[in-house]
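Please look over the sequence and the model before reading on. The text below is meant to be read alongside them.

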Amino acid sequence: MTSIKQPGEKNLMLFSGRAHPELADEVAEHVGVSLTPTKLIDFANGEIYARYLESVRGCDAFVIQSHTGPINKWIMEQLIMVDALKRASAKRITVVMPFFGYARQDKKGRGREPITARLMADMFKTAGADRLMSIDLHTSQIQGFFDGPVDHLFAMPVLESYLKNKLDLENTTVVSPDTGRVRLSERWADTLGTPLAFIHKRRDLDVANQVKVSEVVGRVRGRTCVLIDDMIDTAGTICKAADALYEQGATDVITAATHAVFSDPAVDRLKNSRISEVIVTNTLPLSQAGRFDKLTVLSIAPLIARAITEVFQDGSVTSLFEGDT
């Protein structure tokens, strides 16, 4: 079955690009549909061609694509898929981006810089998207960049459920690796019922991915610390934060993040770090080389599937997070 029909001829169809087919298959299984057959090929010069092998006229289309490397190729593929749906008379098009590419470029830090996250939203609107869905945006303000509904999903319930079953919460502290993640970490601390700490850091604006840890603020001595972040890219921030926590007397450090970007040399850094466990979700594909003994990968597919079902049935996505918005 490649679609679900509701009274009044509502028709859900799910489409996937080629970036992360395993996640798309899992989402489709939870939704209860098959992915719509799609022809996606690359021409010799790198141009992408897309064509749907079934009629999509009048459907409620959900196009899922993870913005992994090569990131520009997969973003372009998703844009082309949206354009094809618009020209084939899909009724409503929802772009599902488990990881929102370019989300870190959400403001001008200095003169003559782009705001590429806004450019991304504009491109998908121009292509024909009616709605965006993403998980743990780098900053919530990105929701305002798109002129239409944006479903901002949170991986926190998936990660927290796992941690609750393995931690002694009486002896645990949630730690934000920088001041920009304090609000997210506060939600974690409130839900788990633990103290909150944060690390003040300084970043070299002239050198990408270079971080200097300055000070740990909060109760960490003799406690298990859970470092919370939205993504792990080169792992420089997380590894330096873990070292700072151990220097302040932490007995164990675990890190939990939604997006495992794992750009070089992240895997080597994490393997050789003092972090005892790295917990991530499968919003991005991980190669065999990107997996290591202390890595735990949790599936985000059930959450995405529930959100898609709620949108299709005109339900409440907010209800998935018990009032969080």
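The model is predicted. Begin with helix H3, which runs over residues 116-127. The helix has twelve residues, and at 1.5 Å a residue it should span 16 Å; its end C-alpha atoms are 16 Å apart, so the two values agree. Which residues of H3 are buried? They are Thr 116, Ala 117, Met 120, Ala 121, Phe 124 and Ala 127. These residues lie on the same side of H3, because they cover an arc of only 155° around the axis. After H3 comes Gly 128, with a positive phi near 130°.

Helix H2, residues 71-87, contains Met 81. Met 81 counts as buried because its relative accessibility is 0%. Beyond its neighbours within four places in sequence, Met 81 is in contact with Phe 15, Ser 16, Gly 17, Leu 40, Ala 50, Tyr 52 and Val 63. Val 96 is 15 residues from Met 81 in sequence, and their C-alpha atoms are 12 Å apart in space.

How many disulfides does the model contain? The count is zero. Cys 225 counts as buried at 0% relative accessibility, and Cys 239 counts as buried at 10%.

The last topic comes from a database record. An unreviewed UniProt entry places the feature "binding site" at Asn 45, Gly 46, Glu 47, Arg 104 and Gln 105. These positions are spread over 61 residues of sequence, and in space they are up to 29.7 Å apart between C-alpha atoms. Gly 46 sits in the loop between strand E3 (38-42) and strand E4 (48-52). With a relative accessibility of 48%, Gly 46 counts as partly exposed. Arg 104 is in the loop between E6 and H3, and its relative accessible area of 42% makes Arg 104 partly exposed. Leaving out residues up to four places away in sequence, Arg 104 touches His 138, Met 231 and Asp 233.

How values were computed: Residues are numbered from 1 along each chain as its sequence is written. This is a predicted model: local features need pLDDT of at least 70, side-chain atom pairs count only at pLDDT 80 or more; totals for chains, interfaces and linings use all residues. Side-chain values use heavy atoms; hydrogens and water are left out. Helices (H or I, at least four residues) and strands (E, at least two) are DSSP runs, numbered from the N terminus. Buried means under 20% relative accessible area, exposed over 50%, partly exposed in between (1.4 Å probe, protein chains only). Contact means heavy atoms within 4.5 Å. A disulfide is a pair of cysteine sulfur atoms within 2.5 Å. The expected span of a helix is 1.5 Å times one less than its number of residues. The arc is that of the directions from the helix axis to the C-beta atoms. UniProt positions are given in the numbering used here, feature names are shortened, and annotations may be inferred rather than shown by experiment.
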